[in-house]
Amino acid sequence: FADKDGVIWFDGELVPWREAKTHVLTHTLHYGMGVFEGVRAYSTGHGPAIFRLKEHTERLFRSAHILGMKMQYSKEELLEAQKLVVRENGLESAYLRPMSFLGSEGMGLRAEGLKVHTIVAAWDWPSYMSPEALEQGIRIRTSSYTRHHVNITMCKAKANGNYMNSMLALREALDSGCEEALLLDNEGYVAEGSGENIFIVKDDGILYTPELTSCLEGITRDTIIRFAQHLGLEVREKRITRDEVYVAEEAFFTGTAAEVLPIREHDGRVIGSGRRGPVTEKLQKMYFDQVTGKSELFPEWLDYVKSV
Ligand code: PMP
């Protein structure tokens, strides 16, 4: 992935893709203390637009604040940097990866005298799952790995080190023939997927999603809640058990990479009709219309890369 044309924003400068390097003693590489975002830009009638750029950038700064990392750039600078990398790489649609990490200025857990470096990369990454998955839904399994406990790592931070848990869970799910994992919290209640929040539909069309305790404050999750409110659908944030998912009318994941992804089977139990349900389909369509600029509902959520 390092051998590619293009440019990466690295500490305020645009650097050729192949030269955007860091030393092997980079602190974050050793201990995982770093923060990042996953952001998407979609092709619209007015050129590429980044979806909810402000909210993603704010979460990046909140993550850094939680870990006590002092950002060297302002939010405005990073908003501009993200638009710049999409523009400079000539991307029509893109996945963006801003990341802030501790440099190689020193070693050890005291982490003193280290600089916080920031990069923003962007590349063409059309779909996380297959088009069939978005239509037919995926099969998931409950993970044998527990999601982070709120006092072991910081769940509100989108922190590099947190993703070891996600990768273990996803690998286990893939190896058992499923497409994604569902992680439970330390008390056994549903938390989230390896990189997605979860919603279930039950009681004749009411949406349920876990409270923001041990799951990430997903921006797609928030988007879906706003859509549901617009449609007059009730949304309840509460503790959910795995068997509530088994008997749900519908279930779906949300995330910047996964978008709005139906779940058709959980632990070998068919959910609802075993296909994308009507509520999921409606919200998924609203999502794609919104991100591609076909909907007038929340125009403030689109940041056009080229001025319109
Ligand atoms: N949970 C986890 C663990 C994630 O990594 C992500 C992806 N950032 C999400 C949920 C969904 O968040 P968002 O909708 O902001 O992409």
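**Helix 2 and beyond**

Mentor: Start where helix 2 stops: Gly 68 follows, with a positive phi near 70°. Keep in mind that this is a predicted model.

Trainee: What should helix 2 span, and what are its end C-alpha atoms apart?
Mentor: Helix 2 runs over residues 53-67, 15 residues. At 1.5 Å a residue, it should span 21 Å, and the end C-alpha atoms are 21 Å apart, so the two agree.

Trainee: Which residues of helix 2 are buried?
Mentor: Among them are Leu 53, His 56, Leu 60, Phe 61, Ala 64 and Leu 67. Arg 59 is on the buried list too.

Trainee: What does Glu 58 form a salt bridge with?
Mentor: Lys 54, with the closest N and O atoms 3.8 Å apart. Glu 58 is partly exposed at 26% relative accessible area. Lys 54 is partly exposed as well, at 48%.

Trainee: Where do Asp 289 and Lys 285 lie?
Mentor: Both are in helix 8, residues 278-291, and they are 4 residues apart. Lys 285 counts as exposed, at 54% relative accessibility.

Trainee: And how many salt bridges does the count come to?
Mentor: The count is 24. Arg 52, Glu 55, Asp 222 and Arg 226 are linked in a network of them.

Trainee: Switching topic. Is Glu 250 buried or exposed?
Mentor: Buried, yet without a salt bridge. The nearest side chain of opposite charge is Arg 276, 8.2 Å away.

Trainee: What does the side chain of Glu 250 reach, then?
Mentor: The backbone nitrogen of Val 279, at 3.1 Å. Glu 250 also touches Phe 199, Ile 271 and Pro 278, among others. Glu 250 sits in strand 14, residues 250-255.

Trainee: Now the ligand. How many residues surround it?
Mentor: There are 16, and the closest are Tyr 163, Glu 192, Ile 219, Thr 220 and Thr 256.

Trainee: Which atoms of the ligand lie by Glu 192 and Thr 256?
Mentor: A polar side-chain atom of Glu 192 lies 2.6 Å from a ligand nitrogen. For Thr 256, a side-chain N or O atom is 2.6 Å from a ligand oxygen. Ile 219 uses a backbone N or O atom, 2.7 Å from an oxygen of the ligand.

Note on methods:
Residues are numbered from 1 along each chain as its sequence is written. This is a predicted model: local features need pLDDT of at least 70, side-chain atom pairs count only at pLDDT 80 or more; totals for chains, interfaces and linings use all residues. Side-chain values use heavy atoms; hydrogens and water are left out. Helices (H or I, at least four residues) and strands (E, at least two) are DSSP runs, numbered from the N terminus. The expected span of a helix is 1.5 Å times one less than its number of residues. Buried means under 20% relative accessible area, exposed over 50%, partly exposed in between (1.4 Å probe, protein chains only). Lys and Arg count as positive and Asp and Glu as negative; His and the chain ends are not counted. A salt bridge is a side-chain nitrogen of Lys or Arg within 4 Å of a carboxyl oxygen of Asp or Glu. A polar contact is a pair of N or O atoms within 3.5 Å; within protein, one must be able to donate a hydrogen and the other to accept it, and residues adjacent in sequence count only if both atoms are side-chain atoms. Contact means heavy atoms within 4.5 Å. A residue is near a molecule or strand if one of its heavy atoms lies within 4 Å of it. Lists of a residue's contacts leave out its neighbours within four places in sequence.
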